[in-house]
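My notes follow in the order I took them.

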Amino acid sequence: MLRDTGTDALLTARELYRFYRSGDEEVFALRGVSLSVHAGETIAVVGPSGSGKSTLLACLAGLEEPSGGEVRLGGQRLSHRSERERTRLRARQVGVLLQSGNLLPHLSVRDNILLPQWAVAGRPATSADELLELVGLGDRGHALARQLSGGQLARAGLAVALANTPDVILADEPTGELDSTTEQSILALLTAQAAAGRAVVIVTHSRSAVQRADRVITLSDGIASADPVASAGRVS
Ligand code: ADP
């Protein structure tokens with residue numbers, strides 16, 4: 001059953017709708033999706049291509065506005081605010097790891113981490129050195145992002161997502177292009193973030209990610225259902 005009522009949730013979506021209009025046609029990407037993610041939880045969002053996964057993640061991150069419904073971060077409403085306010089809330093509370101990558105290619109890995117930290121004054125940020133060590137890139141801080149291998153890019157992207165010690169981490173296919181060893185290490189880093197008290201949502205096609213998740217939400221034509229198999233199939 002979907003836990004969608006918890007007031008202690010770090011992230012809540014209620015009855016999210018998102019439609020796109022192209023010409024005379026309307027495409028419903030999300031049709032009333034509700035979910036709550038609590039501290040310490042990792043949720044995997046699965047479903048076939050076109051089922052609404054990326055749209056859901058973008059709405060949860062405040063990168064897109066839902067057409068209806070509400071997203072809340074802790075006690076604060078994220079949706080139906082100006083883009084500027086959503087950006088401010090996201091910068092402080094959400095770490096986003098997008099499929100397209102979240103690094104500027106011409107900057108060093110270290111500067112990519114420092115950039116979001118400079119943007120948020122007063123937030124107790126983890127140091128860039130600590131983050132580089134955490135993701136196993138202690139010796140690559142000065143490398144330009146464009147010089148990194150695929151696995152290193154994924155690690156660096158995670159370090160950037162964690163730059164402002166977010167409460168919520170949202171990852172869209174973070175292991176899609178990776179070999180299985182790197183995939184396992186990225187998944188271990190993400191679930192360790194949940195174990196440290198954050199809420200983690202991973203959009204994924206990966207069986208390993210599903211196995212590591214506490215709960216699985218399956219999207220089908222923009223409608224969500226919880227997967228009871230998730231906890232049974234869980235591996236540590
Ligand atoms: P998934 O991530 O599961 O592949 P998406 O969230 O990308 O699914 O897309 C869900 C549906 O919304 C699809 O039918 C897709 O074509 C449509 N869609 C997504 N983004 C747009 C957009 N910007 N304009 C029009 N249709 C879109």
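I began with helix H6 and its buried residues (buried: under 20% relative accessible area, exposed: over 50%, partly exposed: in between; 1.4 Å probe, protein chains only). I listed Thr-182, Glu-183, Ile-186, Leu-187, Leu-189, Leu-190, Thr-191, Gln-193 and Ala-194 as the buried residues of H6. Helices (H or I, at least four residues) and strands (E, at least two) are DSSP runs, numbered from the N terminus.

The model is predicted: local features need pLDDT of at least 70 and side-chain atom pairs pLDDT 80 or more, while totals for chains, interfaces and linings use all residues. Residues are numbered from 1 along each chain as its sequence is written, and side-chain values use heavy atoms, without hydrogens and water.

**Helix H6**

I then asked what covers these buried residues of H6. The cover, by contact (heavy atoms within 4.5 Å), includes strands S3 (42-46), S7 (168-172) and S8 (199-203). Helices H4 (128-134), H5 (150-161) and H7 (207-212) are also included.

H6 runs over residues 180-195, 16 residues in total. From first C-alpha to last I noted 22 Å, close to the 22 Å expected at 1.5 Å a residue. That expectation is 1.5 Å times one less than the number of residues.

Asp-179 caps the N-terminal end of H6. Its side-chain oxygen lies 3.1 Å from the backbone nitrogen of Thr-181. After H6 comes Gly-197, with a positive phi near 105 degrees.

**Positive phi elsewhere**

Most residues other than glycine have a negative phi. I noted two residues with positive values. Glu-173 has phi near 50 degrees and sits in the loop between S7 and H6. Is Glu-173 buried or exposed? Glu-173 counts as buried, because its relative accessibility is 14%.

His-80 has phi near 55 degrees. His-80 is in the loop between strand S5 (76-77) and helix H2 (83-93). At 40% relative accessibility, His-80 counts as partly exposed.

**Ligand site**

The side chain of Thr-55 places an N or O atom 2.5 Å from a ligand oxygen. A polar backbone atom of Ser-54 is 2.8 Å from a ligand oxygen.

Definitions and conventions: A polar contact is a pair of N or O atoms within 3.5 Å; within protein, one must be able to donate a hydrogen and the other to accept it, and residues adjacent in sequence count only if both atoms are side-chain atoms.
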